[in-house]
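Me: Could you walk me through this structure, one question at a time?

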Amino acid sequence: MDRFSWTTGLLELGETLVVQQRGVRLSDGEEKVKFDSGVLLLSTHRLIWRDQKNHECCIAVPLSQIVFIEEQAAGIGKSAKIVVHLHPASSNKEPGPFQSSKYSYIKLSFKEHGQIEFYRRLSEEITQRRWESMPTGQAMQVNKDSQAGRIRAVGIVGIERKLEEKRKETDKNISEAFEDLSKLMEKAKEMVELSKSIANKIKEKQGDITEDETIRFKSYLLSMGIANPVTRETCGSGTQYHMQLAKQLAGILQTPLEERGGIMSLTEVYCLVNRARGLELLSPEDLVNACKMLESLKLPLRLRIFDSGVMVIELQSHNEEEMVAAALETVSEKGSLTADEFAKLVGMSVLLAKERLLLAEKMGHLCRDDSVEGLRFYPNLFLTQS
Amino acid sequence: QAKYKERGTVLAEDQLAQMSKQLDMFRTNLEEFASKHKQEIRKNPEFRVQFQDMCATIGVDPLASGKGFWSEMLGVGDFYYELGVQIVEVCLALKHRNGGLITLEELHQQVLKGRGKFAQDVSQDDLLRAIKKLKVLGSGFGLIPVGGTFLVQSVPAELNMDHTVVLQLAEKKGFVTVGEIRASLKWETERARQVLEHLLKEGMAWLDTQAPGEPQYWLPALFTELYSQEITPEEAKEAIP
């Protein structure tokens, strides 16, 4: 940390901001220092850190002081970090918070994430060395330092060599991963071709494929993530899995539905179910496909799709048309209501409140007043008083 | 006749059996891939993009089902489905402020904040894929391209080409006026006014009648970027559906 200098944080002429990130803590090697919560700014010339609470506290180190950087992945209770190895401070460095340090590196802890982008940008800037071609007041000094630094710091060469090896190793891992991925995709492609040919056979031999075989085929498609090419199914791309899921959902959703007046939007259901599961979550499509089977499985819930495209799950015992009568009363009592107001009164989500009012309007019970102040519903006096 | 029919059935049965065998082989290949590179997928957003693009090219959707091999063995499913939940919650919390429109940048920031310290980093590409999946649920999730990025819509409001174009025009300054629309898009006043009124009604635009010159229609989704605000505790409560 003795490579840092106090600074105003203002950029010099010719210096440009590249990226910035909040919530960054600085450490002197392995030791914590008081620079706990700050904004880290990367410019073409420097790495600048400014305290989030006290903006006067601002320090910077020139990018030319950087030997190399490494990433440290996040762990339990630990943020992801970037380790920055630095040349020793030059003798004519501007004064900073530390006179000396026993470490030749610092750590940047990204408490609010952002390290991936920052690492990428920092790597770019160190490689491009734009500060050399964009001289600012400070740059001249910095160039001289890096020259002197290179000659003095012989031990750094060993570290640089290790980094080069590590970089090659990482590159090798990535390229191996890509190679393996390509090979895998080739095999997956074969599966897709095979499924298309089977689907064609099924289409041609309509009725000669047993129910059982269709179910098997659909489950193979599901495993591979291949869209069902056979279009004439009655219950979406429902498979055994979705049937089981539908039955599970009927169990899980009974109480939440009762608590919410018998109706929930599919998005609400998605969040509720997945939050409860924690692992092995449902995909949106899994949920939709399962819900499409509710009615045919004679379960006590059903899927309903409003004109607007909004999808909801209702208890079988729930009758939206009856709720409309109650809504009419509420609106009449208040004279007029917007979806927001109605939602607050009744304790529903705005999304469902709006659907109910729209349904009431469709049934002729309510009239709308559509103005810049919003959509407001009134009892339909044309109907009742003509 | 009957003999032909039978043959037809047998052919399909053969192919199904073949597919079943190949499926088992593929599963093994995928398991091997996962044992070597599962970490790569989880930790490397660029690798995820490559992976997704390759899947799309060959006609495979690794996120179609939580029960799919990809999800089960690579863990991609849980990653994106959980992200979907987080996106829904952020949009719900901020809806009263921005009418259900939010920039991808702001959504990204808020989601990262909510994910906590030891969650994996997510990229904007990850958010886009999660949102595309959320569309299926019918509550109006959509993406509107503006100025090189996207506005994320999270309410089932009707936004047609006219509305989109005006949003794109407003992106530069965070607001737009009837005059600017007439000048840039060469529209009649009435057409411009209708679009702006629709945005006002939906709560996506706010009207500033005290602006010098003509009234300005501000989009909270756009100007909140300049004044990045925290989600208040009240809003956070609203966020749990």
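Predicted model: local features only at pLDDT ≥ 70, side-chain atom pairs only at ≥ 80, totals over all residues.

Me: With which side chain does the side chain of A:R46 make a polar contact?

Reply: A:R46 belongs to strand 5 of chain A, which covers residues 46-51. The side chain of A:R46 has a polar contact at 3.2 Å. The partner is the side chain of A:T7.

Me: Is A:R46 buried or exposed?

Reply: Residues under 20% relative accessible area count as buried. For A:R46 the relative accessible area is 3%, so this residue is buried.

Me: How is helix 6 of chain A oriented relative to helix 8 of chain A?

Reply: Helix 6 (residues 240-259) and helix 8 (residues 284-292) of chain A have axes that come within 8 Å and cross at roughly 80 degrees. Angles of 65 to 115 degrees count as roughly perpendicular. Therefore helix 6 of chain A is, relative to helix 8 of chain A, roughly perpendicular.

Me: How many nonpolar residues does the contact of helix 6 with helix 8 of chain A have?

Reply: Helix 6 of chain A contributes residues including A:L245 and A:L249, and helix 8 of chain A contributes residues including A:L287 and A:A290. By class, this contact has 2 polar residues and 1 charged residue, and the nonpolar ones number 7.

Me: What share of the residues of chain A count as buried?

Reply: Chain A has 12 helices and 15 strands. Its accessible surface is about 19500 Å², with 52% belonging to carbon and sulfur atoms. Of the 386 residues of chain A, the buried share is 48%.

Definitions and conventions: Residues numbered from 1 in each chain as written. Chains lettered and ligands numbered in written order. Heavy atoms only, no water. Axes fitted to C-alpha atoms, helices over the stretch in contact; angles between N-to-C directions. Helix = DSSP H or I, 4+ residues; strand = E, 2+ residues; numbered from the N terminus. Parallel < 35°, antiparallel > 145°, perpendicular 65-115°, else oblique. Contact = heavy atoms within 4.5 Å. Nonpolar A, V, L, I, M, F, W, Y, C, P; charged D, E, K, R; others polar. Buried < 20%, exposed > 50% of the residue type's maximum accessible area, 1.4 Å probe, protein only. Polar contact = N/O pair within 3.5 Å; in protein donor to acceptor, adjacent residues only side chain to side chain. Areas by Shrake-Rupley, 256 points an atom, 1.4 Å probe, with all protein chains shown as cover.
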